[in-house]
Amino acid sequence: MTSITSQGKQGDSPDGTRPRRRRKTGTYAAADERRKLIIESAIGHFAQWGYHNSSLPKIAADVGISPAGLLHHFGNKRELLMAVLQARAEHATRTFYEGMGDPDGMDALDMLRRMAAQTEFNLTQPGLVQMYSVLSAEAANPEHPAHAYFRERYDTLLGRIERTLRHGVASGLLREDVDCAAVARELIGVSDGFQVQWALSGGRWDMLGAFHAYLDRLARTLTRSGHGLS
């Protein structure tokens, strides 16, 4: 048997090293752009019809490709759904979670301000807001493919918010009698509920103003000094 270490594989250079292959950047860039367009189309369909009633052929048609072309990028509808949710989660991580830093050392009022900023960003992505409202309701069914995703999302949010509030109590910023677990659930409930109402209003309701006013009132009831967000 020929020794690979002594003579190299077929196609290797004389010194036994493999020649560097050129990356087909144009091909990869086109594929990435096509995946992006598919995800954007899927967001609109999931937002309007939910997961179960959305059609892969119609999503593909919106992008100008065949169903087989779509399946080349995403093997099935479940895989496409998870790609859509992952894309949204990655943006939320960059804009909210990473900016929050360590929940055990973050200022509770800064967290509330960041929640308002996240809501402001959401208003620039109406399709995503509506999609989340539809899918989170559907995902209450344990058989839904996004059930585990939304359960993990809520557990993560609740944990981070509660830890930040507890730090606020320990540091003396918040009152000692604050029920941090209850306030964390209230914050998520109001945020998600407002998004549903905003979607139902066709985007006409001033969700950002209402949510900021709510956060300011909440801050005044939680802080020992009675200070709001401003």
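Start with Arg-114, which at 27% relative accessibility counts as partly exposed, where buried means under 20% relative accessible area, exposed over 50%, and partly exposed in between (1.4 Å probe, protein chains only). Before going further, note that this is a predicted model, in which local features need pLDDT of at least 70 and side-chain atom pairs count only at pLDDT 80 or more, while totals for chains, interfaces and linings use all residues. Residues are numbered from 1 along each chain as its sequence is written, and side-chain values use heavy atoms, with hydrogens and water left out.

The structure holds five salt bridges.

Next, select Arg-166 and Glu-162, both in helix α8 and again four residues apart, where the side chains form a salt bridge with an N to O distance of 2.6 Å. Arg-166 is partly exposed at 47%, and Glu-162 is partly exposed at 22%.

Move on to Asp-192 and Arg-153, a salt bridge whose closest N and O atoms are 3.9 Å apart. Asp-192 lies in helix α9 (residues 180-200) and Arg-153 in helix α8 (residues 147-171), so the pair ties together parts that are 39 residues apart in sequence. Keep Arg-153 selected and show Tyr-154, because the charged end of Arg-153 sits over that ring, 5.1 Å from its centre (CZ of Arg or NZ of Lys within 6 Å of the ring centre and within 35 degrees of the ring normal).

The last stop concerns aromatic rings, which pair if their centres lie within 6.5 Å, with planes under 30 degrees apart counted as stacked, over 60 as edge-to-face and the rest as tilted. By this rule there are six aromatic pairs. The rings of Phe-194 and Trp-205 have centres 5.1 Å apart and planes at 80 degrees, so this pair is edge-to-face. Phe-194 lies in helix α9 and Trp-205 in the loop between α9 and α10 (207-222).

Finally, select Phe-211 and Tyr-214, both buried and both in helix α10. Ring pairs link Phe-194, Trp-205, Phe-211 and Tyr-214 into a cluster.

Key. A salt bridge is a side-chain nitrogen of Lys or Arg within 4 Å of a carboxyl oxygen of Asp or Glu. Helices (H or I, at least four residues) and strands (E, at least two) are DSSP runs, numbered from the N terminus.
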